[in-house]
Amino acid sequence: MSRLKELRKYVNSVLYKMEDEDKRTSAIVHLNGVALAATMLAMKRGFDPEVAAMAGVLHDLHAYKTGSYDEHEHKGAELARDILEELELTSPEETDMICSAIYHHGDKLVVDSEFDELLKDADVISHTLNDPTKDIKDKEKARFEKLCDEFGMLD
């Protein structure tokens, strides 16, 4: 079994405990959407696609597990580290990369490491393209425009 498949199995076991079906569906769609976007960005930017997908699958798990977005990035990074160490899926360096990206993914206006930026961008792709009828959040507009330019999607 691939590392990503094993991690998804674990994450799904957490998500399937969510009682609200709509919230559970939204969580599954968002985490997997960010994982897919992270995979594409990793392939384009020269990162390991599997590690990027793992970051995407884990990035908001704490919020979905607890129902709270209070410091979910920082608490999510701790949860991700616990999960990755328990499952022994990643090297210490990969774990550090994933956890740093999760820790920083909420601040879309600050530029962090290249891998941190990859997760932020994947999150923005999910937020903006999952429902293109919704307005783009102000804090995500500049980042989304850069992504459109990167992928040749400008008008």
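Is Glu71 buried, exposed or partly exposed? At 45% relative accessibility, Glu71 counts as partly exposed (buried means under 20% relative accessible area, exposed over 50%, and partly exposed in between, with a 1.4 Å probe and protein chains only). The structure is a predicted model, in which local features need pLDDT of at least 70 and side-chain atom pairs count only at pLDDT 80 or more, while totals for chains, interfaces and linings use all residues. Residues are numbered from 1 along each chain as its sequence is written, and side-chain values use heavy atoms, with hydrogens and water left out. Helices (H or I, at least four residues) and strands (E, at least two) are DSSP runs numbered from the N terminus.

**Backbone**

- Glu71 lies in the loop between H4 and helix H5 (72–87), and has a positive phi of about 50° although it is not a glycine.
- Glu88 also has a positive phi, of about 55°, and is not a glycine.
- Most residues other than glycine have a negative phi.
- Glu88 sits in the loop between H5 and helix H6 (92–104) and is exposed, with a relative accessible area of 70%.

- His59 is found in the loop between helix H3 (49–58) and helix H4 (61–66).
- The relative accessible area of His59 is 0%, so this residue is buried.
- The His59 side chain makes a polar contact with the side chain of His30 at 3.1 Å (a polar contact is a pair of N or O atoms within 3.5 Å; within protein, one must be able to donate a hydrogen and the other to accept it, and residues adjacent in sequence count only if both atoms are side-chain atoms).
- A polar contact at 3.2 Å links the side chain of His59 to the side chain of Asp123.
- His59 and Ala80 are 21 residues apart in sequence, and their C-alpha atoms are 7.8 Å apart in space.

**Salt bridges**

- The count comes to 14 salt bridges (a side-chain nitrogen of Lys or Arg within 4 Å of a carboxyl oxygen of Asp or Glu).
- Glu150 and Lys44 meet through their side chains in a salt bridge of 3.9 Å, N to O. Glu150 lies in helix H8 and Lys44 in helix H2, so the pair ties together parts that are 106 residues apart in sequence.
- Glu150 is partly exposed, with a relative accessible area of 27%, and Lys44 is partly exposed at 45%.
- Arg143 forms a salt bridge with Asp121, and their closest N and O atoms are 2.7 Å apart. Because Arg143 lies in helix H8 and Asp121 in helix H7 (residues 114–129), this pair ties together parts that are 22 residues apart in sequence.
- Arg143 is buried, with a relative accessible area of 10%, and Asp121 counts as buried at 6% relative accessibility.
- Asp138 and Lys141 also meet in a salt bridge, at 3.3 Å from N to O. Asp138 and Lys141 are three residues apart in helix H8, which means that about one helical turn separates them.
- Asp138 is exposed, with a relative accessible area of 64%, whereas Lys141 is partly exposed at 39%.
- A network of salt bridges links Lys44, Arg45, Asp112, Glu117, Lys120, Asp121, Arg143 and Glu150.

**Surface patches**

- Leu36, Met40, Phe151 and Met153 make a nonpolar surface patch of about 390 Å². Patches are made of residues with over 30% relative accessible area and no salt bridge; like charges are joined within 9 Å, and nonpolar side chains (Val, Leu, Ile, Met, Phe, Trp, Tyr) within 5 Å. Accessible areas come from the Shrake-Rupley method with a 1.4 Å probe, and for residues only the protein chains shown count as cover.
- Met153 is found in the segment after helix H8 (138–150) and counts as partly exposed at 45% relative accessibility.
- Glu19, Asp20, Glu21 and Asp22 gather in a surface patch of negative charge. Lys and Arg count as positive and Asp and Glu as negative, while His and the chain ends are not counted; the place of a charge is taken as NZ of Lys, CZ of Arg, CG of Asp or CD of Glu.
- Asp20 lies in the loop between helix H1 (3–15) and helix H2 (21–45) and is partly exposed, with a relative accessible area of 37%.
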